[in-house]
Amino acid sequence: MIDHDGGRMQVTSHLTIETVTSLFKNGLPVSGETSLVVDLAKVETVDSAAVSLLLAWLREAQRSSVKLYFAHIPENLLSLARLYGVADMLPLCGNDSVQP
């Protein structure tokens with residue numbers, strides 16, 4: 001589901017109500033990081049639980065004083081975030097580069 005390599009985390013699964021529970025429980029792997037890029041390029045399916053997960057990861061990163069960025073957010077996930085009025089809360093980095 002998640003490949004973590006230094007300051008980059010690649011999410012490789014569906015982000016739906018069925019899958020995000022374990023991601024919530026495992027938390028955000030921020031140990032020793034000052035910034036982290038979560039790359040969502042390989043995420044194929046999302047539902048509203050994905051928005052909740054991203055916001056939870058943001059809160060966790062803030063508590064840990066880690067700068068969190070999201071790269072390659074699928075359009076359907078951005079649409080859900082816009083629908084819920086939280087899209088502006090998601091710190092994005094450019095899709096050409098996953099470096100903040």
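Reader: Which residues of helix 2 meet helix 3?

Author: Helices (H or I, at least four residues) and strands (E, at least two) are DSSP runs, numbered from the N terminus, and contact means heavy atoms within 4.5 Å. Here S48, A50, V51 and L54 in helix 2 meet L77, L80 and A81 in helix 3. The residues of this contact comprise six nonpolar, one polar and no charged. In that division Ala, Val, Leu, Ile, Met, Phe, Trp, Tyr, Cys and Pro count as nonpolar, Asp, Glu, Lys and Arg as charged, and the others, Gly among them, as polar.

The model is predicted: local features need pLDDT of at least 70, side-chain atom pairs count only at pLDDT 80 or more, and totals for chains, interfaces and linings use all residues. Residues are numbered from 1 along each chain as its sequence is written, and side-chain values use heavy atoms, with hydrogens and water left out.

Reader: At what angle do helix 2 and helix 3 pack?

Author: Axes are lines fitted to C-alpha atoms, for helices over the stretch in contact, and angles run from 0 to 180 degrees between N-to-C directions. Helix 2 and helix 3 (residues 75–83) pack at about 80°, with their axes 9 Å apart. The two helices are therefore roughly perpendicular to each other, a term for angles of 65 to 115 degrees.

Reader: In what order do the strands of the sheet stand?

Author: Two strands pair if DSSP finds at least two bridges between them. The open sheet has four strands in the order 1-2-3-4, with mixed pairing. Strand 1 (2–5) and strand 4 (67–71) are at the edges with a single partner strand each, so one side of each has no neighbour in the sheet. From one strand to the next, the twist averages 20°.

Strand 3 (residues 35–39) and strand 4 run parallel, joined by five bridges, and V38 stands opposite F70 in strand 4. Helix 2 (residues 48–63) packs on the sheet, touching strand 1, strand 2 (8–11), strand 3 and strand 4. The direction of helix 2 makes about 155° with that of strand 4.

Reader: Is A87 buried or exposed?

Author: Buried means under 20% relative accessible area, exposed over 50%, partly exposed in between (1.4 Å probe, protein chains only). A87, in the segment after helix 3, is buried, with a relative accessible area of 16%. Not counting residues up to four places away in sequence, A87 touches A81 and R82.

Note on methods. Parallel < 35°, antiparallel > 145°, perpendicular 65-115°, else oblique.
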